[in-house]
Structures are given as C-alpha cells and as structure tokens.
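This briefing goes through pockets, a helix pair, backbone features and a few individual residues. Please keep the sequence and the 3D view open while reading.

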Amino acid sequence: MDYKDDITAALENISRELDHFIANDNNAGLLGGFTGCALFYAYYYQHTSREEHVDKVLSIMEKSLQALSEQPLNGSFCGGVSGVAWCVQHLTQMGFIEEDEVEDAFGEIDQMVAAFMEESLLAGKNDFLHEGLGTALYFLERPLPVGKPVLERLVAGLDQSAHHLPSGITWKDMFSSASERYQGRDLYNLGLAHGVPAIIALLGRIYEKGIARDTVLRLMDGSISWVLSHKKPQGGGGESLFPVMVDTTGVSVGDTHSRLGWCYGDLGIATMLLGAGKRLRRADYSEAAHSILQDIARHRNTKNGAVHDACICHGSAGIAHMLQQAAMATGDPALNKAAGAWLQTTLRMNTWKDGPAGYKFYHHPDYHNSHNVLEGIAGIGLSLLGFLQPEIKPGWNNSLLIS
C-alpha cells in the first residue's frame with residue numbers, strides 16, 4: 001500500500017510546527033534541542049526543492065553558532081558542543097554551508113571537545129549521548145591530521161578502562177553502577193544509547209578511518225564476543241534475545257526482557273553487528289545481525305516491544321527507520337515488509353489534538369510534547385522522509401550510529 005500522501009501531509013504538519021519551536025527554544029543540542037531541526041529541513045529540501053527550507057537551515061545554524069559562543073555547553077554529543085559542531089560539518093558536506101565561513105571556528109572547538117573527551121574517559125564515563133564517547137563522531141568528521149591524534153587517545157583510553165571478563169571485553173556503565181539501587185556492583189549496559197554497543201559502533205568507524213587498527217580490532221572482537229555471549233537461551237519469539245544490563249558474572253540486572261527501540265534492545269545490537277560486519281568484512285557478524293533482525297521482523301510488536309509513541313529514541317519511527325536501513329543493507333524483503341508495518345504504526349500515532357503535528361513523546365508515566373530529533377517530531381520527520389525518498393542516503397542517521 002502506498003502511504004505517500006499520508007507521509008507528505010505529516011511532513012507538512014511537522015515543518016509548520018517546527019517553525020514555532022525553533023523561534024522560541026533555547027536548547028541548542030543536536031539531538032535534544034533545536035539544532036537537529038536543521039537536519040530535518042536540509043533533508044526536506046532535498047524532497048521539496050523549496051528555497052524556504054534552505055533559509056530555515058541557515059537560520060537555525062546561525063542561532064546554533066551564536067549559542068556556542070554564549071551558552072555554557074559541555075562537549076557532549078546529544079546536548080553539547082560536539083553535536084552542534086558535527087551538524088555544522090554535516091551540513092557543510094551537504095553544501096548548505098560554505099566551508100570557509102566556519103572553518104575558523106573549529107580550532108577552539110577542537111581543543112574544548114578533546115579536553116571534555118579526555119576528562120570523561122579518564123573517569124570511565126563512556127556514555128555515547130551524554131559523556132565522552134560521542135565526541136568521536138565529531139572528530140571522525142574533522143580532517144585526518146586534526147582528528148587522528150584525538151581518536152588515537154580515545155582508543156587508548158578505552159583500552160585502559162576495558163574490563164576483561166571470561167566472556168570477553170566490556171566497559172562499566174558508570175551511571176547505573178553508581179546508582180543507589182545497585183551501588184557497589186559493576187554493571188554493563190547492552191543498549192545502543194548508553195552502553196557497549198555504542199562503543200563497538202564507534203570503534204568500527206575509527207577502524208574504517210585506518211586509525212589504531214590493531215588495538216581497535218582487538219577491542220571490537222573481544223567486546224562483540226562479550227555481547228553475543230549474553231544472548232538469552234530462551235529468548236526470541238516475542239521475548240527479547242538480549243537483556244538490558246548484566247553484572248560481572250553475566251547475570252541479568254533489572255528487566256530481563258528488553259524493550260524494542262533505538263536506545264535499548266535487540267535492534268540496536270543488530271544494527272551494531274551489521275555495521276561491524278560491513279567494516280571488518282566479517283560474514284559471521286553480519287549473519288548474527290541478520291538472525292536477530294529476522295526474529296524482530298517476525299515476532300516483535302508494539303505490545304512486546306513496549307512501544308508507546310512514534311519517536312526515534314524508543315518509538316515506532318526509529319524502529320521503522322532502522323529496519324528499512326537493514327533491509328536495504330541485506331536485501332531481505334521480510335525486513336522491508338516489517339519496516340513498512342512500523343511506518344504504518346507511526347502514521348497512526350498522530351492522534352493527539354494538543355500534540356505537535358499530532359504526536360507526543362512517552363516518558364513514564366505521562367506523555368509530553370517534544371520537537372527534537374531524539375524524542376520529538378523532527379526525528380519522526382527524518383524517518384518519514386526516508387520512506388518518501390529511499391534513494392537518498394540518510395547521512396543524518398550516522399548521528400545515531402545507524403549506518
């Protein structure tokens with residue numbers, strides 16, 4: 001069934017709602033603030049060819065660059081300097097920004113983000129969204145003489161902080177381990193947003209750049225072995241194949257059954273394995289990814305996936321986009337069919353009369369209005385655009401480790 005008209009109408013509503021948000025929001029974050037809306041308008045322009053969308057991209061980035069000089073932002077990727085600066089580089093590569101107009105600003109940003117990265121990694125803070133790890137995406141886009149030494153230090157830091165267990169190599173989830181509930185236990189996170197799969201996904205990108213390959217390969221092989229060792233014997237068929245978090249002995253901590261989404265669950269692990277298989281030319285990693293994806297396509301749904309909204313982070317739009325990208329990578333029509341089903345779910349969720357473009361973001365126990373990429377309508381719009389123009393490579397999804 002063709003949903004072109006429904007997608008087009010949803011995109012027009014999202015575009016209109018984002019105009020109001022951008023004018024009034026003061027959070028400059030790439031994934032959690034207004035900067036990410038520039039990505040929506042840049043890719044929307046590729047569909048519409050309307051110059052007003054170029055103007056919006058430039059207006060947003062002007063506001064973002066002003067925020068870099070005026071707001072006390074840290075170096076993190078989701079809400080800090082490295083994410084905003086990554087977006088500037090991405091839009092420059094797309095041709096929306098002239099390189100000579102912004103290059104002078106990067107020298108100071110390089111120093112600030114590198115210092116944040118090293119301070120975070122030294123403390124063992126490896127969270128992709130909010131701590132030191134996500135800065136790697138920024139330096140991967142910088143010229144090699146600038147990015148290489150910083151990324152070499154990042155790899156060395158991960159090597160030093162790695163935990164070597166009988167099941168392989170892993171990294172401690174500092175946030176969960178320090179919580180009052182679990183204090184005194186070393187915990188390890190299996191989610192793409194905050195856990196070991198994100199570390200592996202970024203190491204794969206560093207390997208692809210030809211940086212510190214021997215160390216990266218050793219860390220990737222050891223940590224992928226660790227992840228795969230935690231596949232549940234009784235998982236599948238509607239039950240998640242992997243837990244949310246485990247301790248040193250491999251025992252599941254918290255929920256044994258994981259939600260389905262970008263942030264946590266089997267889909268993020270499969271996406272990581274698919275990328276590792278491609279970058280390392282490892283058929284076994286690609287096959288492991290495909291097996292997980294086939295189980296998701298056959299058995300997961302809104303109920304057993306705990307899917308309550310349409311957002312990219314843990315909602316149907318993120319699932320639809322990731323399955324679509326996996327279908328294109330594997331050529332598997334079953335994954336493409338599943339992606340279409342999750343697209344239909346996304347289009348059916350815009351029922352909130354008081355929500356932007358009819359959508360709301362679920363954060364237990366309530367629903368909230370959200371406009372950003374990670375939790376709101378900008379991310380939903382980017383996902384929908386991928387179904388309207390599948391021939392255009394969605395480079396934006398690298399910001400979420402999806403490519």
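The second largest pocket is lined by 31 residues, of which Lys278, Arg279, Lys393, Ile402 and Ser403 lie nearest its centre. Here a pocket is an open set of points on a 1 Å grid over the protein atoms alone, with protein on both sides within 12 Å along at least five of seven lines, while a cavity is a set of points where a 1.4 Å probe fits but cannot get out; lining residues have an atom within 4 Å of a point. The model is predicted, so local features need pLDDT of at least 70 and side-chain atom pairs count only at pLDDT 80 or more, whereas totals for chains, interfaces and linings use all residues. Residues are numbered from 1 along each chain as its sequence is written, and side-chain values use heavy atoms, with hydrogens and water left out.

**Second largest pocket**

- The volume of the second largest pocket is about 710 Å³, where a volume is the space filled by probe spheres set on the grid points, which are joined across faces, edges and corners.
- Two or more residues of the lining of the second largest pocket come from each of helix 4 (81–94), helix 9 (196–208), helix 11 and helix 13 (316–330); helices (H or I, at least four residues) and strands (E, at least two) are DSSP runs, numbered from the N terminus.
- Helix 13 gives the most to the lining of the second largest pocket, namely 6 residues.
- By class, the lining of the second largest pocket holds 12 nonpolar, 11 polar and 8 charged residues, with Ala, Val, Leu, Ile, Met, Phe, Trp, Tyr, Cys and Pro counted as nonpolar, Asp, Glu, Lys and Arg as charged, and the others, Gly among them, as polar.

**Largest pocket**

- Helix 8 (174–177) and strand 5 are the elements that give two or more residues to the lining of the largest pocket, and strand 5 contributes the largest share, 3 residues.
- The lining of the largest pocket divides by class into 14 nonpolar, 13 polar and 7 charged residues.

**Cavities**

- A search of the whole structure finds 4 cavities of 30 Å³ or more, and the largest cavity has a volume of about 110 Å³.
- The largest cavity is lined by 14 residues, and those nearest its centre are Asn126, Asp127, Lys172, Asp173 and His194.
- At least two lining residues of the largest cavity are supplied by each of helix 8, strand 3 (187–189) and helix 9, and the lining comprises 6 nonpolar, 4 polar and 4 charged residues.

**Helix 13 against helix 15**

- The axes of helix 13 and helix 15 come within 9 Å and cross at roughly 35°, where axes are lines fitted to C-alpha atoms, for helices over the stretch in contact, and angles run from 0 to 180 degrees between N-to-C directions.
- The crossing of helix 13 with helix 15 is left-handed, a term used if the near helix is turned anticlockwise from the far one by less than a right angle (right-handed if clockwise).
- On the helix 13 side, Ala317, Ala320, His321 and Gln324 meet Ile380, Ser383, Gly386 and Phe387 of helix 15, and the residues of this contact (heavy atoms within 4.5 Å) divide into 4 nonpolar, 4 polar and no charged.

**Backbone features**

- His364 and Pro365 are joined by a cis peptide bond with omega of about 10°, and Pro365 is found in the loop between strand 5 (361–363) and strand 6 (366–368).
- Arg281, although not a glycine, has a positive phi of about 55°; Arg281 lies in the loop between helix 11 (266–280) and helix 12 (283–299) and is exposed, at a relative accessible area of 78%.
- Leu401, also not a glycine, has a positive phi of about 60°; Leu401 is placed in the segment after helix 15 (377–388) and is buried, at a relative accessible area of 2%.
- Buried means under 20% relative accessible area, exposed over 50%, and partly exposed in between (1.4 Å probe, protein chains only).

- Ala326 lies in helix 13 and counts as buried at 4% relative accessibility; leaving aside neighbours within four places in sequence, Ala326 is in contact with Leu274, Leu293 and Leu335.
- Ala334, in helix 14 (residues 333–348), is partly exposed with a relative accessible area of 40%, and the C-alpha atoms of Ala334 and Leu323, 11 residues apart along the chain, are separated by 9.7 Å.
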